[in-house]
Amino acid sequence: MADCTGHGVPGAFLSMIGNMLLNKIVNEDNSLSPAIILERLHDDMRKVLKQNGKQRQGNEGMDIGLCQIDLDNNKVVFAGARRPLYLIISNSNGEDEHNKLIEIKGDRKSIGGRQKEEKRQFTNHELEIHEGDMLYMSSDGLVDQHNAQDEKLGSVKLQAKLEAIAHKNMVEQKELLLELLHRHQNNESQRDDITLVGVQIAGAQTKNVIY
């Protein structure tokens with residue numbers, strides 16, 4: 001789940017570059033470690049945008065969360081550039097009050113842009129997962145959406161909502177999240193791109209819906 005700087009054409013241009021570089025790193029270089037992928041993505045992004053020379057041009061880049069899901073070993077490896085991962089552990093009774101949300105924070109570094117350190121590195125977080133668990137990643141456009149009182153939706157409300165609905169099927173979750181957004185936003189205009197990715201662990205395969 002990636003969130004590029006800028007809006008409109010500049011943001012779309014960065015998205016195309018990011019997608020191209022990710023495909024190259026994963027498919028051609030056979031990189032599977034999320035942290036290594038982000039490190040290479042950062043280096044390649046700065047080269048493409050000419051941000052690593054004496055005549056640095058711009059500070060564009062992206063925030064991104066990246067997961068490697070290993071169903072054979074019941075684990076997920078996550079690395080983030082200024083974006084978190086939410087893991088909600090399923091319970092066998094299907095009662096939402098027993099859902100537990102765990103936030104895994106990404107590194108406080110973006111992909112691309114200024115770099116003061118000699119080499120930008122990211123951190124892998126390995127987590128155990130089981131059938132029914134939910135994984136969520138979101139851009140900041142959702143929690144930063146304002147209402148008529150100039151109040152943000154905020155991560156606390158989003159996390160509480162995810163805990164309350166994680167036991168429902170993915171279609172219902174989408175409807176309830178859109179309801180939360182629209183009720184908060186009311187007639188205010190949307191200020192940023194909004195993306196939320198939810199992945200449900202389902203035995204030997206994953207079911208995912210992009211909101």
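Student: Between which two elements is the loop that holds N186 found?
Tutor: This is a predicted model, in which local features need pLDDT of at least 70, side-chain atom pairs count only at pLDDT 80 or more, and totals for chains, interfaces and linings use all residues. Residues are numbered from 1 along each chain as its sequence is written, and side-chain values use heavy atoms, with hydrogens and water left out. Helices (H or I, at least four residues) and strands (E, at least two) are DSSP runs, numbered from the N terminus. The loop with N186 lies between helix 5 (170-185) and strand 9.

Student: Is N186 buried or exposed?
Tutor: Buried means under 20% relative accessible area, exposed over 50%, and partly exposed in between (1.4 Å probe, protein chains only). N186 has a relative accessible area of 55%, so it is exposed.

Student: What is phi of N186 near?
Tutor: Most residues other than glycine have a negative phi. N186 is a residue other than glycine, yet its phi is positive. The value is near 55°.

Student: Where is K50, and what is its relative accessible area?
Tutor: K50 sits in the loop between helix 2 and strand 2. Its phi is also positive, near 55°. K50 is partly exposed, because its relative accessible area is 49%.

Student: Is I201 buried or exposed?
Tutor: I201 belongs to strand 9 (residues 196-202). Its C-alpha atom is separated by 6.7 Å from that of H130, 71 residues apart along the chain. The relative accessible area of I201 is 3%, so I201 is buried.

Student: What is the radius of gyration of the chain?
Tutor: The chain has five helices and 10 strands. The radius of gyration is taken over C-alpha atoms, and the globule rule is 2.2 Å times the number of residues to the power 0.38. For 211 residues the rule gives 17 Å, and the chain is close to that, so it is as compact as a globular protein of that length. Its radius of gyration is 18 Å.
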